[in-house]
Amino acid sequence: TTRASVLSLAVFVTTLVIISFVSNMIPIFSDAGISRGQAAGIAGLVGISTVVGRLLGGYLLDRINGAIVGGVSLLVPVVSSLLILAFPGSVPVASAAVLILGLSLGAELDCVAYLTTRHFGMKNFGTIFGVISGILAFATGLGPFLVSLGYDLTGGYTIALKAYVPLALLASALFF
C-alpha cells in the first residue's frame, strides 16, 4: 500500500542518515580538527542522549500523534549537521550536536513501531515490521559505505554532512 511504501522510505532515509552519522562521528570530528581522543569522548555522549530520546519519544508517542513525533525527531539531524558545518573543530558544539542527534536515534525505532501498529494494525504487524526491519538493516549497511565513499571521492566529510540536511528533511516530511 501507499502508507507502507511511505513508511518504508521514511525508515530507509532515516536510518541511512542517523546510522551513518553515528558510525562516522569520530572520523567526522577528527577531520574537523578535533583530536581522536576528544572525538571518542564526544561520540560516547550519543549513548546517554539515545536513552533520553527513547524515554522522551515513548512519552510523547503516548500523548501526541506519532507522525508529528516522528517528523519532528527527524528534524534533529538537520540541526546537528548544520552545527558541525558551521563550527568545525568546536568541542562544545560537537558535543551539543551529538547530544541532539542521540535524541533522534532514541526516538526513531519507537516511532516506526508505533506508526506500523496504528496504520496497519496488529494482524499484519509482524509481516510489515519484518519487512521494515529488513529495509532498516539494508540502510544500516549502506549509509556508512556511502559516507566512506564520499570521503574517498572528496577527501572530507563535508559532502556527507551537507547531504544529511536534505535527506533528514525528506525523512521528516515522509513521517509527517
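Predicted model: local features only at pLDDT ≥ 70, side-chain atom pairs only at ≥ 80, totals over all residues.
Here, buried means under 20% relative accessible area, exposed means over 50%, and partly exposed is anything in between, using a 1.4 Å probe and protein chains only. Residues are numbered from 1 along each chain as its sequence is written, and side-chain values use heavy atoms, with hydrogens and water left out.

**The salt bridge**

- Searching the whole structure turns up 1 salt bridge, meaning a side-chain nitrogen of Lys or Arg within 4 Å of a carboxyl oxygen of Asp or Glu.
- The partners are D110 and R54, and their closest N and O atoms sit 2.9 Å apart.
- D110 belongs to helix 7 (residues 91–120) and R54 to helix 4 (residues 45–61), so the pair ties together parts that are 56 residues apart in sequence.
- Helices are DSSP runs of H or I with at least four residues, numbered from the N terminus.

**N24, between two helices**

- N24 sits in the loop between helix 1 (2–23) and helix 2 (25–31).
- With a relative accessible area of 6%, N24 is buried.
- Beyond its neighbours within four places in sequence, N24 is in contact with P144, V147, S148 and Y157, contact being heavy atoms within 4.5 Å.
- P144 is 120 residues away from N24 along the chain, yet their C-alpha atoms are separated by 7.0 Å.
- N24 also uses its side chain to reach the backbone oxygen of S20, at 2.9 Å.

**The largest pocket, and S73**

- The largest pocket holds about 190 Å³ of space.
- It is lined by 13 residues, and those closest to its centre are L56, L60, V69, V72 and S73.
- Helix 4, helix 5 (66–73) and helix 7 are the elements giving two or more residues to this lining.
- Pockets and cavities are found on a 1 Å grid over the protein atoms alone: a pocket is an open set of points with protein on both sides within 12 Å along at least five of seven lines, a cavity is a set where a 1.4 Å probe fits but cannot get out, and lining residues have an atom within 4 Å of a point.
- The pocket lining comprises 9 nonpolar, 4 polar and no charged residues.
- S73, in helix 5, is buried, with a relative accessible area of 8%.

**The cavity**

- The count comes to 1 cavity of 30 Å³ or more.
- The largest cavity has about 40 Å³ of space, a volume being the space filled by probe spheres set on the grid points.
- Its lining includes F29, A32, I34, F87 and V93.
- That lining divides into 8 nonpolar, 2 polar and no charged residues.

**T116 in helix 7**

- T116 is found in helix 7 and is buried, with a relative accessible area of 0%.
- Setting aside neighbours within four places in sequence, T116 is in contact with L7, G121, F125, I128, F129 and I132.

How values were computed. Polar contact = N/O pair within 3.5 Å; in protein donor to acceptor, adjacent residues only side chain to side chain. Nonpolar A, V, L, I, M, F, W, Y, C, P; charged D, E, K, R; others polar.
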